[in-house]
Amino acid sequence: FDHVQLDTTKVGIVTYSDLAVTVSPISNNTTSVMQALTAAGAGSEEARNTDVGLAAAGALFSGTAGVAKVVILIQFGKSDDINKSILAATALKTASVTVVAISIGNGNDVPGEIHQVVSPPGKSNTLIAADFEGLRRLAVDLAE
C-alpha cells in the first residue's frame, strides 16, 4: 500500500451491494471519513455487485488531475459476477487508477478472485483479513 501517503491522501467511500452508494466524497478530513466509514458498517451480504462499486469509486475521481488515484476494494465474499468485476477493474486501471484490495473472510477462492481484479503485482496489492476485527488491525498497522 505504498500508494497511500497519510499526509496528502484524500479518501472517498463507496459502499455497494446491488447498488453503489457514495458514503463520503473525496476528502482529506480524516475525522469525517472515519465517521462515514464507521457509519457505513459491513453492508449487505445478499448482493455483491463488485463491478458497480468499482465503477462508482472510479467516478469519484472525475475532475481530478495530477494526483495518484487508488481504489481500495474491501470485499466480503465472492462477487456476483467476476467477469463484470474484472471488466470494471480493467477500466479503472486503463484510466491510471491503481486497484488494491482487502479480502475479508475465508470465502471460497476469494483471494484468487481478488488477484484478478487488483493492479499488478497482485499479491503486493492484496491483503487478507479473517474478519472485521482483522480489518481493524490491518488499518492500525497501515497507519503506523
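Which residue follows α3, and what is its phi? Serine 96 comes after the helix, with a positive phi near 65 degrees.

**View 1. Welcome to a predicted model and its confidence.** Local features need pLDDT of at least 70, side-chain atom pairs count only at pLDDT 80 or more, and totals for chains, interfaces and linings use all residues. Residues are numbered from 1 along each chain as its sequence is written, and side-chain values use heavy atoms, leaving out hydrogens and water. The mean pLDDT (the predictor's confidence in each residue, from 0 to 100) of the protein chain is 77. Helices (H or I, at least four residues) and strands (E, at least two) are DSSP runs, numbered from the N terminus.

**View 2. Here is helix α3, with its buried face.** Its buried residues (under 20% relative accessible area, 1.4 Å probe, protein chains only) are Ser85, Ala88, Ala89 and Leu92. They fall within an arc of 95 degrees (directions from the helix axis to the C-beta atoms), so they line one face of the helix. On the other side, Asn83, Leu87 and Thr94 are exposed, meaning over 50%, with partly exposed in between.

**View 3. Now meet valine 71 in the largest nonpolar core.** Such a core is a set of buried Ala, Val, Leu, Ile, Met, Phe, Trp, Tyr and Cys residues joined through side-chain atoms within 4.5 Å. Of its 17 residues, Leu54, Val71, Leu73, Leu92 and Val117 touch the most other members. Leaving aside neighbours within four places in sequence, valine 71 is in contact (heavy atoms within 4.5 Å) with residues including Leu54, Phe61 and Leu92.
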